[in-house]
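User: I would like to go through the aromatic rings and a helix packing in this model. Could we begin with the rings?
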Amino acid sequence: MANIRKLFPSGRFVLIDGGLGSTLEDVFHVNTTSSLWSSVALAKDPESVIQAHLIFLRAGARLIETASYQGAFSTYAKAGYSEEDAERLMRSSVALADEARRRYVAESGVPADSIKVALSLAGYGATLSLPHEFDGFYPPPYGPQAYAPPPATTRTAFAPDEHEAAAGAEDALAAFHLERLRVFADDAPTWRAIDALAFETVPLAREVRALRRAVATLEGELAPADRKPWWVTVVWPEGRFPEESTPGGARLGAAEVLAAYFDDVIPGAGIQGARYAVPDAFGINCTAPAHVASAVAEASEALAVRGVGSGVGGGQPWLVLKPNGGQTYDMSSRKWGWHDGQKQTQGDEFANELGAIVHRAAEKNVWGGILVGGCCKTGDEELRALSKVLGV
């Protein structure tokens, strides 16, 4: 079975990239407000994608993520592309990251195998016309109810008597993610260039379980040597996980979220006969640093209670942290802004705050290692400062 330690055998802390989509927007003036987000640059300005990757590599990142986050057949169709073009462009995101790696190795002299490429794939909610990867309001069959604007209420949980619909939602999400994974796995050169799989901005434990099923199915189709380390990063907006335990009830806590990641048997949620792969890491992305701090503390304590053998092969799972710069994304305008007293967290302030979170997490001795970087509105300034704080 693939294992993240094989990627970084000597790393306790590993610096990864920053916010690719916002860097394309802020530095290279790419309009990312379409259904494709950062993937829009694959067709319109592929060189900007390579240059954005190089910005992160020159700042010290040793893992870069592909510009494929919001790419799916549905989002490409909304942008006017055929399925054939969608496949070609999705795969091109890997080729561009690999080209950035090649250029950086040539200019810096670092060993080629010290730079890794992760395939970035967003939660299903990012592909909706009005994105819902931060709140988990998924329409049937992917969830219980489509988003309804106030004063109507929208729920993320199925009622206790909706077992069939809940099972169907997990089936639908697993099929959605497997379809995208196969786009990359079915092309040998593309798959060889990928070192890891990063599923990001996932708001539901149900979707974590679906991802485990999708990866398990894919691994069954691959030779053992072709399987990749993989992880899921969830979101923790406003200091809470988005999914409710029951309709209108309390939000799931870290212990329940970790169970979706690592439990062998998922009480009341597992689908009979389904196989669930075990991810190499738990993570949080695109969440303000202050909320990341509380979520990591809660998750570290919950993992300590579970025991440190929750990860792949009974080892310690890794932790992946990619906070954003403190802003909130407006889903209607598809722009970032300041709301409800939020403060900008950048440069040294971002690095010091995140560095403290990383060190506190490491002191718990429950994580096998920590991949750390930034998400939206973080760039090379934050990565350079973070590299100094962590000594990497």
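User: Which residues do ring pairs link into a cluster?
Analyst: Ring pairs link Tyr124, Tyr138, Tyr142 and Phe176 into a cluster. Rings of Phe, Tyr and Trp (its six-membered ring) pair if their centres lie within 6.5 Å; planes under 30 degrees apart count as stacked, over 60 as edge-to-face and the rest as tilted. This is a predicted model, in which local features need pLDDT of at least 70 and side-chain atom pairs count only at pLDDT 80 or more, while totals for chains, interfaces and linings use all residues. Residues are numbered from 1 along each chain as its sequence is written, and side-chain values use heavy atoms, with hydrogens and water left out.

User: How many aromatic pairs does a search of the whole structure find?
Analyst: The search finds 10 aromatic pairs. One of them, Tyr76 with Tyr81, is edge-to-face, at 5.6 Å centre to centre and 80° between the planes.

User: Is Tyr76 buried or exposed?
Analyst: Tyr76 counts as buried, at 1% relative accessibility. Buried means under 20% relative accessible area, exposed over 50%, and partly exposed in between (1.4 Å probe, protein chains only). Tyr81 counts as partly exposed, at 23%.

User: Why is the pair of Tyr261 and Phe262 tilted?
Analyst: Their planes lie at 45°, with the ring centres 5.5 Å apart, so the pair is tilted. Both Tyr261 and Phe262 are buried.

User: Turning to helices, at what angle do H6 and H8 cross?
Analyst: The axes of H6 (residues 163–185) and H8 (residues 205–221) cross at roughly 45° and come within 8 Å.

Key:
Axes fitted to C-alpha atoms, helices over the stretch in contact; angles between N-to-C directions. Helix = DSSP H or I, 4+ residues; strand = E, 2+ residues; numbered from the N terminus.
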